[in-house]
Amino acid sequence: MAKKKTPTSFESKLHQIKQIADRMQSENLSLDESMGLFQEADALIKECRDYLQEASVQVEMLIHPEGDETTSFK
């Protein structure tokens, strides 16, 4: 039976991005290693951006439950 993935917290993803950035800056990596790390960070950044977008919608719904007068958080 396949193990179900536990969702990673927003803060954990930010920490992973920072670790990747630190590694890319401090180590002498091959182009392939750098590209792999870049792709991993890019995917994490997208997940964080999606999470923040969802949070923004939820906050908007709390502020304006009737859908009146929207505020943009962009």
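View 1. Phe10, at 18%, is buried. Searching the whole structure turns up one aromatic pair. That pair is Phe10 with Tyr51, stacked at 5.3 Å centre to centre with 25 degrees between the planes (ring centres of Phe, Tyr or the six-membered ring of Trp within 6.5 Å; stacked is under 30 degrees, edge-to-face over 60, tilted the rest). Phe10 belongs to helix H1 and Tyr51 to helix H2, so the pair ties together parts 41 residues apart in sequence (helices are DSSP runs of H or I, at least four residues, numbered from the N terminus).

**View 2. Lys13, a buried lysine.** Lys13 is in helix H1 and is buried, with 15% relative accessible area. Its side chain makes a 2.8 Å polar contact with that of Glu47 (N or O atoms within 3.5 Å, one able to donate a hydrogen and the other to accept it; sequence neighbours count only if both atoms are side-chain atoms). Leaving aside residues up to four places away in sequence, Lys13 touches Thr8, Leu44, Glu47 and Cys48 (heavy atoms within 4.5 Å).

**Notes.** Residue numbers start from 1 along each chain as its sequence is written. The model is predicted, with local features needing pLDDT of at least 70 and side-chain atom pairs 80 or more, while totals for chains, interfaces and linings use all residues, and side-chain values use heavy atoms, without hydrogens or water.

Notes
Helix = DSSP H or I, 4+ residues; strand = E, 2+ residues; numbered from the N terminus. Buried < 20%, exposed > 50% of the residue type's maximum accessible area, 1.4 Å probe, protein only.
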